[in-house]
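Hello,

Here is the structure for you to take over. Please open it first, then read the notes below.

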Amino acid sequence: MKAMVYRGPYKIRVEEKPMPKIEHPNDAIIRVTTAAICGSDLHLYHGLMPDTRIGHTFGHEFIGVVEEVGPSVQNLQRGDRVMVPFNVYCGSCYYCARGLYSNCHNVNPNATAVGGIYGYSHTTGGYDGGQAEFVRVPFADVGPTIIPDWMDSEDAVLLTDALATGYFGAQLGDIVEGDTVVVFGAGPVGLYAAKSAWLMGAGRVIVIDHLEYRLEKARTFAHAETFNFAEYDDIIVEMKKTTDYLGADVVIDAVGAESDGNFIQQVTGTKLKLQGGSAIALNWAIDSVRKGGTVAVVGAYGPIFSAVKFGDALNKGLTLRMNQTPVKRQWPRLFEHIQNGYLKPNDIVTHRIPLEDIAEGYHMFSAKLDNCIKTLVIANPS
Amino acid sequence: MPSTPYIANKPKDIPTPEALRARIPGWGVDLDPKDRPSYPREVFDPAGTGAHWDYPDEQQGREGRERSIEHGQLTPVFGTSAPLKGVSGSIRRYAYRYGEGRAAHWLILLLGDRVDAWGAHAKSFATLRPDNPITETGVLAEGRRHGIASRVGKRRVDVNHQWLDPIVVGGPWVAATAGAVLVARAIVRRARH
């Protein structure tokens, strides 16, 4: 089968790989129809995530058709169209039993600090991902869900991570009616977080980025006020000014490890890999939220230490909330919101490319060319 | 009169719920914090996950599989994307002697990643498909996807550091080549004497 494979920092290609096999009785093999490139895939692509091995296939956002199931699988059969949460999880460990699916303890031998994720290095378990024609999906009775007939395929693939994560980020903010919510990052997760903040009763939603075309999308798609931080000497001061010097009630970091805005953070965090990523968005979140406010983090960071302004967080009495998203917990409510027309996930899709072009797709997304916001990868045209 | 936060009132420029509901589709449908999918954070419901086991069957091929020393056992299920092998595999296996709280664990893993990449590049030149920096970096997208127009006049902050990317990618190769040339010259010089 054809699959995207990692060849070292900034280098990937499509290769012929052996077909994935059933390795556990509750495995399924999925023929991938559509996958997506996620902003957090760029951390792997740039060599930021420890234990990213040559030959590894990325891709944790994908949908497809069941090709084969293991002997203990009860809920799926060959031919089912399924959407697969980016979490690999068992459904029965201490954490899964409590709904913390992204923190599963039974699927990632390589680390205890993170659960299992498809196509996200051996630090998250060493599972090949879905930017391929076929992929192994463990615990087929737990994670995958049959795509409802009414659901658009592109919406389904966006539900496997980006939309669920944006919505989860807004929940982590514990938004109450009338809150001012600031979202750092106008990428897919930030756009969905901004949109979700309104559903939870925000009174103002402000999105910050330096890419004007993405801020335009934040205004039209997410009805948000926008600030281009490149236009201001100090974006924190602007946030204080626009909130009567109070600060925002809730700030969501939807950027993560490769945030821009500080050259030293960028060089030490993403070029030299001396931190778990550039922490500038997180620091701006801490500094722009009001005292006693909440900072929600859904942008991904690596496992190495980062230069975070923890003293400010302490002295301001902040609540910091974060996690990888337990995706499937979000789905029933998000299905309702899509059916009711409150959310139109695929409005942010800007590019659709064949698997063969994935190297250029990564470069385009990484370098932010061609007004790219979200790129879908067509692995097997259906 | 001073404004918030120098007085107790909340900021005054927040629109009314009616105005927001009229402008934003779905505004407030998830207003109740206790009626959101991730509330409360932990919900004990082992029967609701679809799992029909108390502990999963154990996957085969467990011998030699590396694991964090912070795990009490090898997990019953694990990925098999790229098993440890060669020099990079030895480096990575050494990294797993350290716990996740130690910088050594992660920094040695990063070293293993770089050795893995250098080895794979070198090996590729002995195959019918050597690594191709043009196609594998996707740099041709610069022409096809408006590389210049996407950057010029846009006040993009990332342009300040993107020039470092070719150095990050190509720097080790330039250094390795220079080192090889110096070593070769030294050998030749010694042979002449």
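**The second largest pocket**

In this predicted model, the lining of the second largest pocket draws at least two residues from each of β1, β2 and β8 (134-137) of chain A, and likewise from α2 (86-95) and α3 (103-124) of chain B. The largest share comes from α3(B), with six residues. The pocket holds about 840 Å³ of space. It is lined by 40 residues, and the closest to its centre are A:I54, A:G55, B:S81, B:A82 and B:P83. By class, the lining has 16 nonpolar, eleven polar and 13 charged residues.

**Where the chains meet**

Next, the interface. On chain A, 112 residues are in contact with 108 residues of chain B. The two chains bury about 9000 Å² between them, and 54% of that is on carbon and sulfur atoms.

There are 75 residue pairs in polar contact between chain A and chain B, counting pairs with both residues at pLDDT 80 or more. Several elements of chain A supply at least two residues each to the side that touches chain B: β1 (2-8), β2 (11-16), α3 (162-172), α4 (188-199), α7 (263-271), α10 (327-339), β16 (349-354) and α11 (358-367). Of these, α11(A) gives the most, with six residues. By class, this side of chain A has 47 nonpolar, 38 polar and 27 charged residues.

**Salt bridges**

Over all chains, the count comes to 37 salt bridges. Between chain A and chain B it is 13. Two examples are worth a look.

- B:R155 and A:E231 meet through their side chains, at 3.3 Å from N to O. B:R155 lies in the loop between α5 (141-144) and α6 (159-162) of chain B, and A:E231 lies in the loop between β12 (225-228) and α6 (235-242) of chain A, so the pair joins two chains.
- B:R145 forms a salt bridge with A:D370. Their closest N and O atoms are 3.5 Å apart.

**Cavities**

How many cavities of 30 Å³ or more does the structure hold? It holds two.

**Backbone points to check**

Most residues other than glycine have a negative phi, and most peptide bonds are trans.

- B:T4 and B:P5 are joined by a cis peptide bond, with omega about 5°. B:P5 sits in the segment before α1 (17-23) of chain B.
- The peptide bond from B:Y39 to B:P40 is also cis, with omega near -15°. B:P40 is in the loop between α1 and α2 of chain B.
- A:K368 is not a glycine, yet its phi is positive, at about 55°. A:K368 is in the loop between α11 and β17 (374-378) of chain A.

Over to you.

Definitions and conventions. Residues numbered from 1 in each chain as written. Chains lettered and ligands numbered in written order. Predicted model: local features only at pLDDT ≥ 70, side-chain atom pairs only at ≥ 80, totals over all residues. Heavy atoms only, no water. 1 Å grid on protein atoms, 1.4 Å probe; cavity = no way out; pocket = protein on both sides within 12 Å on 5 of 7 lines; lining within 4 Å. Points joined across faces, edges and corners; volume = space filled by probe spheres on them. Contact = heavy atoms within 4.5 Å. Buried area = accessible area lost by both parts, 1.4 Å probe. Salt bridge = Lys/Arg side-chain N within 4 Å of Asp/Glu carboxyl O. Polar contact = N/O pair within 3.5 Å; in protein donor to acceptor, adjacent residues only side chain to side chain. Helix = DSSP H or I, 4+ residues; strand = E, 2+ residues; numbered from the N terminus. Nonpolar A, V, L, I, M, F, W, Y, C, P; charged D, E, K, R; others polar.
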